[in-house]
Amino acid sequence: MAPLALLLLALGLGAGCAMLSSRVTTREENAMAAHPPQGQFLDVDGHKVHVVERGQPRGSAPDLVLIHGSNGSTRDMTFRLSPALEDAYHILIFDRPGLGYSDPVTARGTSIQTQARVLKEASAQLGVTRPLVLGQSYGGAVALAWATQFPDETAAVINVSGVSHPWDSDLSPFYKVTSSRLGSALVVPLLTAFVPKSYVRNSLAEVFAPQEVPKGFAEHFGLEMSLRRSSLRANAKQRANLLSEIEAMAPLYPDLAMPIEIVHGTADTTVGISIHAERLVADTSTARLTPLDGVGHMPHQTHTQSVVDAVQRAAARANLR
């Protein structure tokens, strides 16, 4: 190739990269401007942790920690669930490490065990040392990691559509690509720059099925926040590592002695009830399952009162009521 052609190619590639970088930065800045942090920031071992504190004053009601699922944020829990609990509990709602406005602990993907430790230590900074711990979906695995590592600092677990046991299916091609070094460097910025919000809305509908996405949820949640490079990368690595972490944790369940309340939809195709919830009941002596007939993966949004009732039962069983 002639020197002039090489120069023109280099200039074209440079201009394309500059345009991509500008588009990515603009989309991320717009997302954060439209959905700013709702809470405060804590420092745990040099890592920023975003927490929203809601409900009753500290010390006046049982402490409850809420942990969101994959590629979510505190906003998943502040839409319907925390408002339904705020009259009776002192609530801490966290962005899991690497998501929302919380820093990742490691670029390799922060494990569920490390996430649990970070959130426990952040809770302790706010005077919360033995809370009820509720996790939804991936957050359910983090709640169980909290309980298995720190049983004396866990009043009870509420597992909502939560991951608990190993499964047979392979990691999806999407996460195989985005969790890889090449995909993280090349594919993720393209997704941030060009994936339309309509595509994410359609994906959201699949997660909620067979129920409808509640009116106003997508806007409150902030779909654009989940398309930021930092969120896509952290979520991909966490999902890629999850199976091995669950395989290591599942044998510890028979030792759990705190109350465990499980709420799981029978129509959940994201985290199947027979693979996870029913096996958790079989492996523990304190777990109680409330199956929701015909309900999908998001009962904390579509059947909020059933989750509130599970929290109340867990608090009563833990002698906090």
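Arg 313 and Glu 261 form a salt bridge through their side chains, with N and O 3.1 Å apart. The model is predicted. Arg 313 sits in helix H13 and Glu 261 in strand S7 (residues 260–265), so this pair ties together parts that are 52 residues apart in sequence. Arg 313 is partly exposed, at 31% relative accessible area. Glu 261 is buried, at 1%.

**Other salt bridges**

How many salt bridges does the structure hold? There are 9. Opposite charges on side chains can pair when the charged atoms come close.

One of these bridges joins Arg 201 to Glu 219, with the closest N and O atoms 2.7 Å apart. This pair links distant parts of the chain: Arg 201 belongs to helix H8, Glu 219 to helix H9, and 18 residues separate them. Arg 201 is partly exposed, with a relative accessible area of 35%. Glu 219 is also partly exposed, at 45%.

Another bridge stays inside one helix. Glu 121 and Arg 117 meet at 3.3 Å, N to O. Both lie in helix H4 (residues 112–125). They are 4 residues apart, so about one helical turn separates them. Glu 121 is partly exposed at 26% relative accessibility. Arg 117 is partly exposed at 25%.

| Salt bridge | N to O distance |
|---|---|
| Arg 313 and Glu 261 | 3.1 Å |
| Arg 201 and Glu 219 | 2.7 Å |
| Glu 121 and Arg 117 | 3.3 Å |

**Nonpolar cores**

Which residues have the most contacts inside the largest nonpolar core? They are Phe 94, Ile 112 and Trp 146, in a core of 41 residues. Helix H5 (residues 138–149) gives the largest share of this core, 8 residues.

A second core is separate and has 25 residues. Leu 85, Tyr 89, Val 307 and Ala 318 are included in this second core.

**Backbone exceptions**

Most residues other than glycine have a negative phi, and most peptide bonds are trans. Some places in this chain depart from that pattern.

Where is the cis peptide bond? It runs from Ala 209 to Pro 210, with omega near 5°. Pro 210 lies in the loop between helix H8 (197–208) and helix H9 (217–221). Helices H8 and H9 are the ones that Arg 201 and Glu 219 link.

Asn 71 has a positive phi, near 45°. Asn 71 is in the loop between strand S3 (63–67) and helix H2 (74–78). Is Asn 71 buried or exposed? It is buried: its relative accessible area is 15%, and the cut-off for buried is under 20%.

Asn 319 also has a positive phi, near 60°. Asn 319 is placed in the segment after helix H13 (304–317). Asn 319 counts as exposed, because its relative accessibility is 68% and exposed means over 50%. In short, Asn 71 is buried, whereas Asn 319 is exposed.

Conventions: Residues numbered from 1 in each chain as written. Predicted model: local features only at pLDDT ≥ 70, side-chain atom pairs only at ≥ 80, totals over all residues. Heavy atoms only, no water. Helix = DSSP H or I, 4+ residues; strand = E, 2+ residues; numbered from the N terminus. Buried < 20%, exposed > 50% of the residue type's maximum accessible area, 1.4 Å probe, protein only. Salt bridge = Lys/Arg side-chain N within 4 Å of Asp/Glu carboxyl O. Core = buried A, V, L, I, M, F, W, Y, C linked by side-chain atoms within 4.5 Å.
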